[in-house]
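User: I would like to learn how to read helix packing and nonpolar cores. Please take me through an example.

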Amino acid sequence: MTEEMGYSNFKLAMKAIREGRLDFYHEKSKTMKGNDFAQKILMWLAEETLDWPLTDEQERKHNTCRLYRRGYGAIVEAFNMLAVPEEAYKHLPENEWLEAYTKLVESRRKTAESRIRDAFRRMTERGLLTCIQNPVKGRNYGAYMLLLGDDAENNEIFDYNRACLLEMYKAHVYEPVTRRAEPEDDATNPWIEIDNNDDSVWGL
């Protein structure tokens with residue numbers, strides 16, 4: 001982790017965790033507990049995104065800040081969530097184990113994506129994450145911004161990131177979406193289908 005890639009972000013994420021912003025009431029034990037997986041995802045996102053304020057060079061290049069745009073797949077890979085132990089399939093005949101392995105991996109992928117979606121939802125509910133561009137099937141993975149500062153700082157970063165995404169779109173680097181996500185939206189699911197020929201749907 002370099003100084004510019006998430007060092008300050010990581011410290012702010014740890015502060016949020018220490019403050020219990022991802023804790024929940026555990027009915028069985030009647031105690032408050034932390035959501036371990038959501039905490040891990042928050043820390044990973046903090047490490048993977050640029051700190052604020054950006055350098056002059058980063059701003060010149062329209063680099064986004066505290067913004068994650070690589071989808072669930074990068075998280076699944078980073079946390080090795082598709083690993084299948086050999087004993088789960090190697091005992092089968094040779095003509096059967098490959099099919100069994102493929103099914104196990106697909107099942108784990110669905111479970112992993114469900115867990116990540118739930119972690120994103122929890123972070124959104126607790127005011128630590130917001131979707132500023134909904135994912136569009138076949139076009140982009142969505143854009144999720146960490147809310148690690150106070151309201152003024154978060155709003156400043158939001159406006160900056162929105163401007164960067166618009167610049168990317170104008171340069172045909174990023175695709176349009178229907179509208180800005182609202183707080184009540186399920187920002188991670190489902191995919192939002194749009195008219196491929198309609199450039200008016202950019203809604204940030």
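User: Is the crossing of α1 and α2 left-handed or right-handed?

Analyst: A crossing is left-handed if the near helix is turned anticlockwise from the far one by less than a right angle, and right-handed if clockwise. The crossing of α1 and α2 is right-handed. This is a predicted model, where local features need pLDDT of at least 70, side-chain atom pairs count only at pLDDT 80 or more, and totals for chains, interfaces and linings use all residues. Residues are numbered from 1 along each chain as its sequence is written, and side-chain values use heavy atoms, leaving out hydrogens and water.

User: At what angle do helix α4 and helix α5 pack?

Analyst: Axes are lines fitted to C-alpha atoms, for helices over the stretch in contact, and angles run from 0 to 180 degrees between N-to-C directions. Helices (H or I, at least four residues) and strands (E, at least two) are DSSP runs, numbered from the N terminus. For α4 (residues 71-78) and α5 (residues 94-125) the angle is about 110 degrees, and the axes lie 10 Å apart.

User: Which residues of α4 and α5 make the contact?

Analyst: Contact means heavy atoms within 4.5 Å. Tyr-72, Ile-75 and Val-76 of α4 meet Ala-112, Glu-113, Ile-116, Arg-117 and Phe-120 of α5.

User: How many residues has the largest nonpolar core?

Analyst: A nonpolar core is a set of buried Ala, Val, Leu, Ile, Met, Phe, Trp, Tyr and Cys residues joined through side-chain atoms within 4.5 Å. Buried means under 20% relative accessible area, exposed over 50%, partly exposed in between (1.4 Å probe, protein chains only). The largest core has 28 residues, and its largest share, 7 residues, comes from α2. Another core, of 15 residues, lies apart from it and includes Trp-52 and Phe-158.
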